Amino acid sequence: MSHRPVSMTASTQGPMADPVSGPAAATELQRCCDTLERLTCLTATWKGLDPTLIAGSVLDALLEMLALDFVGLRFGESTHLFSRTRATEHGGHDPDGIRVELGPWFGEEPGRWPTIVPLAGEPLRVLALPLGTISDTGLLVAVARRAEFPSQADRLVLRIAAIQVGSAFREIREVADRTRPIDHRPEPPTGAALAESESRLNLIINSIPAMAWSATVDGLVDFANQNFLDFIGGPYDEVGGLNFYRIFHPDDMAHLLAEWQDIMSSVHPREVEGRIRRADGHYRWCVLRQKPLIDADGSVVKWYGVVLDIEDRKVAEQGLSDAKAALLASEQNLSLIINSLPVLVWSARPDGSADFVNQSWLDYAGLPAEKILEWGFLDLYHPDDVEGMVELWKDSLEHSDRTLIKGRIRGADGAYRWFYFAGRRLTDANGVVRWYGVNVDIEDLQRADEQLRTSEAALKASERQLKLVVNTIPAMAWSALPDGMLDYWSQNLTDFVGLPSDEIVGLGFYQIFHPDDLEAMRTAWEEIIRTKRALPVDARIRRSDGEYRWFALQQSPLLDADGSVLRWYGVIVDIEDRKRAETALEETKSALLASEGRLQHLINLVPGLIWSADGDGTVTYLSQQYLEYVGLDRDLALAGAWITALHPDDIERLVGAWTDALGAGQAREAEARLRHIDGRYRWFLFRASPFYDSTGHLSHWFGINIDIEDRRRAEAELRRSESDLAHVTRLLTMDELAVSIAHEVNQPLMAIVTNASTCLRWLDETQLDLALARQAAARVVRDGHRAGDIITSIRALARKSPPLMERTDLEQVSQGVLELLRGELQRRDILVKTDFSPGAKTILGDGTLLQQVILNLIMNSAEAMAAIPPARRRLVVRTHTRDGMAQVDVADTGAGLDAVDINRLFEAFFTTKSEGIGMGLSICRSILEAHGGHIWASNDAPRGSVFSFAIPLAAGVGQNVG
């Protein structure tokens, strides 16, 4: 309920409600039309957007156009709620608080929703509407504090918005529900074959070294494989639907969302890089790859993709950006090292038929392995290239141990791309001959140099690309023969040790290790060779500058079908920082053990009485100081006799505080008197703090009792000093206002003299008029009472007496101060207004002290407006009640408060005035805290400041009785 401010200089008039005028109605209608037009234009921007961006745009628009405090949108049966909350000068409503209040209603039909929901004692008006005309399509909820919400115009705008969003959502869902492409296999598997196929597919998906996922046509994730879930350390619900946005790094989210939106709208898949949160909370760089599943009409019905961890590559790229590519390894080593890279890797039998293709091959072709193996891969080659490629392949099989071919391969989207084929024949220890090769996508390179490139140039470009990949992997890579003789080191490793490759190969690598680690390293490597099992080994390696750093050496054998080692591959990872951390941890543990002995000694030196208890509150330890102070035996005290040392008047209160701490499981403190061995009681501060073990169980309580006897005596003396200082401040204020007070007293006295003379004149026999004489006498009585009230107020402010706590009306106290300061404020050309809300504002307090607080705040506001033009000087005094408190606000139009000073205004001796001593506001705070209240200050809009204080209402005030 709003209240019209009343100017003290204006005549009092009754309230009058103005009817809505014709022009006002026309303005409201025009505003509604503009809103509808803007809402209609908004839908034109939704083309190609996913539900997330559509929801965000309509919620932002509604929040602004309708001045809402909260607006939410939920699609279908999803539990996710898109929402927006208006920010205000006081911080606005807590979105989580609003969701909690509205939560129980989301399962109800819109027609069953409440129209008003309370939040923090304030009513919020609610309007819930279904999306479109089908309620299960979704729900639109609008919340506002405005008393007139929802108006007819509000309902119209919200209903049209709900229809538009519902229509857009249904269109997206219809696209998502399109039928999948027809399975063109001549005999799709059924029964046991189908079950076996599904089992094999599930095993492959959950075993591939990548995080696989799929999404609906509108971008909602509907599947994540086990590697993905293991990586994020959570169930599918944490990435399903739109929840996958939450795992992105906040700095990458906008970029990733924009890329994903563009990919879906353009149906042009590409690699996107970003950081994803791992199960341990760390973010790691990943590359996101995706491919659309196209139906017979060429429309997307599904998205499939993988997420590959490239954190190590990113780290390596930063450190190796200036490294030069070098041809240091044979083509065979290069091909085998990049076996896990995103290229098309294959192997073939001596007759040229394929017996293996990697997952990248299958993803590119969009076909199962059986369609590519044997000679099926020829069906994917471009018809113009097949004959020449087969001829070259057969010639290589018969006359060479390697093959180099270039040709075009058809992808899953039907498009042909140029690839570079490189293969080599290898014979394992059992004499088995196999061909190993890789097909590298050179489409972009082919297009760029189409007129200049030859088959030999394409081979060299591909070779450079492969070598660059090897030398930028995020570790120092190496390979060795089955007998452990090293035959390859990556460039970054040779750069690190500063030795040429020919000095390291074979057994020369031992020279780079620290002499103290050499024998252990040799023994471990020989054991690994003998057992054919990988075993991580830590050792120090000498850098080119002579410094040794710790490294972890990891290796893995490439085994043939018989379990024999064909080759060893490994990486060397720098763990110097980890080793240093481990050393520091051991040192810390030793220091901790050494400090435990000192801790026990320190406990007995702490200037306080130390104690502890178990989780249920039973005292288990009392320090030696404690026992000596109360004069009790340890066993007797721990048996419960410690409580006998408490003052009888404090036992119930202290036990109640201890019980409250045990129930809450939180730290608490209380004050009580403790008997010394000599029989004297002294005040102590009892502090208790809980201790939780690693499982979260409250296992112990630790506490200390601190002697505060001297502090309490000092506080009592301080309160007496503050009372004296408050009295002096009132006298100083009275002295400053002496002229204005004299003027206020003089006015009723002069009026008494004038009215008395008038009364005598009407009593004269020559012009006798008893009625007029009686009126003049009545005015004499009225002005006499007015003068008496002013003098009473002045005497009350000037007297020095103990505080008198009685039922006091804050509104009357405020009126009394304004009457006293009327002349002073008029002299300063300040226009005063009051805004007293209806209802009793009775508190339990000392009226004189509260007059001093209000007088101080009003005079501070008057001084704050001294530098501004008189026409802009406004002072508003408001009183109202809220949450069981009576509140007084004093607002001015001065320069406002400095943000740095606002938190120190109520400190003693802090002042912003050149002549102030900084005690006025500090005394005000002390007076209000003694009344159980508090005071604060803030800047007002558009200018000025507001000083406010609140005091609890007296018992029975503001309560309905009956």
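Me: Which residue's side chain has a polar atom 3.0 Å from the backbone nitrogen of G563?

Reply: D560. A polar contact is a pair of N or O atoms within 3.5 Å; within protein, one must be able to donate a hydrogen and the other to accept it, and residues adjacent in sequence count only if both atoms are side-chain atoms. The backbone nitrogen of D562 also lies 2.9 Å from a polar atom of the D560 side chain. This is a predicted model: local features need pLDDT of at least 70, side-chain atom pairs count only at pLDDT 80 or more, and totals for chains, interfaces and linings use all residues. Residues are numbered from 1 along each chain as its sequence is written, and side-chain values use heavy atoms, with hydrogens and water left out.

Me: Where is D560 found?

Reply: Helices (H or I, at least four residues) and strands (E, at least two) are DSSP runs, numbered from the N terminus. D560 sits in the loop between β20 (548–559) and β21 (565–574).

Me: How far away is the nearest side chain of opposite charge to D560?

Reply: Lys and Arg count as positive, Asp and Glu as negative; His and the chain ends are not counted. A salt bridge needs a side-chain nitrogen of Lys or Arg within 4 Å of a carboxyl oxygen of Asp or Glu. For D560, K532 is the nearest, at 7.4 Å. D560 has no salt bridge, yet is buried (under 20% relative accessible area; exposed is over 50%, partly exposed in between; 1.4 Å probe, protein chains only). Contact means heavy atoms within 4.5 Å. Not counting residues up to four places away in sequence, D560 touches D428, N430 and L566.

Me: How many aromatic pairs does the structure hold?

Reply: A ring pair is described by the distance of the centres and the angle of the planes. Rings of Phe, Tyr and Trp (its six-membered ring) pair if their centres lie within 6.5 Å; planes under 30 degrees apart are stacked, over 60 edge-to-face, the rest tilted. There are 17 pairs here. Y364 and F419 have ring centres 5.0 Å apart and planes at 70°, so they are edge-to-face. Y364 is in helix α10 (residues 359–365) and F419 in strand β15 (residues 416–427), 55 residues apart. Both Y364 and F419 are buried.

Me: Why is the pair W611 and W658 edge-to-face?

Reply: Because the planes are at 85°, with centres 5.6 Å apart. W611 and W658 are both buried. Elsewhere, ring pairs link W375, F377, Y381 and F421 into a cluster.
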